[in-house]
Amino acid sequence: MNKSVTAAQSRSELPSQQKIMKIAALLFASKGFHAVSMKELCEELDISRGAFYHYFRSKDDVLYEICTRYMSEVITQAHMTLNTEPDPVRCLYKLGQELLTVIANSRSELTVCFREIQSLGPEQKKKVLALHRDYESIWKKTVERGAATGQLLPYSYSRLKSILGMYYYSYIWIDTDRSRGLPEAIRIMNEITLKGLRA
C-alpha cells in the first residue's frame, strides 16, 4: 500500500531521485515504457503520487532523465579517454571497454536509453539524439586520428554506425552473471571492431 506524504515527514523518508530512476528503469526495461502506469510505478516505489511529484513532473520526465543522465556520463568518460589516450587503436579499445562496462553495470538504464528513445516527446527526443551524436563524434575523431597516421581505414559513416550498433545492442544478450561474461564480450567485440577498422 502506498504511503501518504505529510508535512511532518522528513525529506530523508522520501525515496531519492536515484531510487525512482532505478526502479523506473527496471520496470521500463522489463515491460516497456508505455505498459507501465503511474499507479504501478508508485506502487513499486511504495509512495503516493505526491511523493513522486516531489522529484519528477511525470513518468515522461523520468524516462528523459534516465536517457540524458546515462548518455551524459558515457560522453564525459569518452571525452577523458580521447584526451588522455593519444594512440587511436588503444583509444578505440578503451572506448569499447568503457561502453560495454556501463551497459553491463547499468543494463536496465541503458536498455531504456537505447530502446525507448521513440517514447520521448519531440523536444526531449531531439535533445537525446543530440547526445548520441556527441558520443558518436568521439569515435569519429578517434577513427580520423587513426586514418591520419595510417593505422585505421578512412572514416565511413556506415562503418561506424554498424560498429556502434553492435555495442549498443549488447544490452539484449550480454551475460553479466557469468564470471567471464563481460571480459569475454569486451575482448571479442573489440577484436571485431579493430579488425573492421584497421588499415
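Helices are taken here as DSSP runs of H or I with at least four residues, numbered from the N terminus. By that assignment, Asp46 sits in the loop between α2 (38-45) and α3 (49-53). The model described is a predicted one.

The chain contains nine helices and zero strands. Read from the N terminus, its elements run α-α-α-α-α-α-α-α-α. The C-alpha trace spans about 65 × 40 × 30 Å along the principal axes of the chain. The chain has 199 residues, and 47% of them count as buried. Its accessible surface comes to about 10,500 Å². Carbon and sulfur atoms account for 53% of that surface. Contacts between residues at least 6 apart in sequence were also examined. Of these, 73% join residues at least 24 apart.

Helix α6 covers residues 107-115 and includes Thr111. Seven of its nine residues are buried, so α6 is largely enclosed by the rest of the structure. The buried residues of α6 are Ser108, Glu109, Leu110, Thr111, Val112, Cys113 and Phe114. Several helices take part in covering them. The cover includes α1 (17-31), α4 (59-84) and α5 (88-105). It also includes α7 (122-148) and α8 (157-168).

The side chain of Thr111 reaches the backbone oxygen of Arg107 at 2.7 Å. Thr111 also has contacts beyond its neighbours within four places in sequence. These partners are Ala29, Glu116 and Tyr171.

Charged groups were considered next. The chain carries 28 positive and 22 negative charges. Side chains of opposite charge can pair when their charged atoms come close. With a limit of 4 Å between a side-chain nitrogen of Lys or Arg and a carboxyl oxygen of Asp or Glu, the count comes to 10 salt bridges.

Lys22 forms a salt bridge with Glu109, and the closest N and O atoms are 2.9 Å apart. The pair links distant parts of the chain, with Lys22 in helix α1 and Glu109 in helix α6. The two residues are 87 residues apart. Glu109 is buried, with a relative accessible area of 2%. Lys22 is partly exposed, at 35% relative accessibility.

Other bridges lie within a helix. The side chains of Glu65 and Arg69 meet in a salt bridge at 3.0 Å, N to O. Both residues lie in helix α4. They are four residues apart, about one turn of the helix. Glu65 counts as partly exposed, at 21% relative accessibility. Arg69 is likewise partly exposed, at 21%.

In helix α9 (residues 181-197), Glu191 and Arg187 are four residues apart, so about one helical turn separates them. Their side chains meet in a salt bridge at 3.4 Å, N to O. Glu191 has a relative accessible area of 37% and is partly exposed. Arg187 is partly exposed at 38%. Elsewhere, salt bridges that share partners join Glu85, Arg90 and Lys94 into one network.

Most residues other than glycine have a negative phi. Asp46 has a positive phi of about 60° although it is not a glycine. At 29% relative accessibility, Asp46 counts as partly exposed.

Ser58 lies in the loop between α3 and α4. Its relative accessible area is 23%, and Ser58 is partly exposed. A polar atom of the Ser58 side chain lies 3.4 Å from the backbone nitrogen of Asp60. Ser58 and Met38 are 20 residues apart along the chain. Their C-alpha atoms are separated by 8.3 Å.

Key
Residues are numbered from 1 along each chain as its sequence is written. This is a predicted model: local features need pLDDT of at least 70, side-chain atom pairs count only at pLDDT 80 or more; totals for chains, interfaces and linings use all residues. Side-chain values use heavy atoms; hydrogens and water are left out. A polar contact is a pair of N or O atoms within 3.5 Å; within protein, one must be able to donate a hydrogen and the other to accept it, and residues adjacent in sequence count only if both atoms are side-chain atoms. Contact means heavy atoms within 4.5 Å. Buried means under 20% relative accessible area, exposed over 50%, partly exposed in between (1.4 Å probe, protein chains only). Accessible areas come from the Shrake-Rupley method with a 1.4 Å probe; for residues, only the protein chains shown count as cover. Lys and Arg count as positive and Asp and Glu as negative; His and the chain ends are not counted. The place of a charge is taken as NZ of Lys, CZ of Arg, CG of Asp or CD of Glu.
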